Amino acid sequence: MKYVATDKAPAAFGPYAQAVNVNGFIYTSGQIPVTTDGLLVEGTIEEQTHQVFANLKAILEEANSSLEKVVKATVFLTDMDNFVAVNDIYAEHFGKHTPARSCVQVVRLPKDAQIEIEVIALANE
């Protein structure tokens, strides 16, 4: 197992890694819309979703992977009414690549974010 860490994404807020590489799979921790300075993006769901993807891309890049290598994504929303807006941005970032996905509504997320996404991806060989 190898821990993944980059300063191009926010540092972990607690005792966990940004991601781990196990047997060629990258497991990211859930990413919320926080900048590298640790500040929550206080904008719209669209702005928050773009920040989450910026964080995921930075972590996957550090892990020698990319969104194109994602096999599974889990999306957590505090309001399912945001599903369509998030789905549009999700599709924009993944393009024609369509990994397996779950999307669930939760009561609350860290820092009162509106969205959190975690992914499992293949590492490039």
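Phe53 touches Leu67, Ile89, Tyr90, His93, Phe94 and Ile117, leaving out residues up to four places away in sequence. Contact here means heavy atoms within 4.5 Å. The model is predicted: local features need pLDDT of at least 70, side-chain atom pairs count only at pLDDT 80 or more, and totals for chains, interfaces and linings use all residues. Residues are numbered from 1 along each chain as its sequence is written, and side-chain values use heavy atoms, without hydrogens and water.

Phe53, Ile115 and Ile117 have the most contacts inside the largest nonpolar core, which has 27 residues. Such a core is a set of buried Ala, Val, Leu, Ile, Met, Phe, Trp, Tyr and Cys residues joined through side-chain atoms within 4.5 Å. Buried means under 20% relative accessible area, exposed over 50%, partly exposed in between (1.4 Å probe, protein chains only). Helix 1 (45-62), strand 4 (70-77), helix 2 (83-94) and strand 6 (115-122) each give two or more residues to this core. Helix 1 supplies the largest share, 7 residues. Helices (H or I, at least four residues) and strands (E, at least two) are DSSP runs, numbered from the N terminus. Apart from this core lies another, of 6 residues, including Val34, Phe76, Leu109 and Ala113.

Phe76 also has a bridge partner: Val104, in strand 5. Strand 4 and strand 5 (residues 100-105) pair in the parallel sense over 6 bridges. Pairing requires at least two DSSP bridges between the strands.

Now to strand 3 (residues 25-28), where Thr28 lies. Thr28 counts as buried because its relative accessibility is 8%. A polar atom of its side chain lies 2.9 Å from the backbone nitrogen of Val119.

Notes: A polar contact is a pair of N or O atoms within 3.5 Å; within protein, one must be able to donate a hydrogen and the other to accept it, and residues adjacent in sequence count only if both atoms are side-chain atoms.
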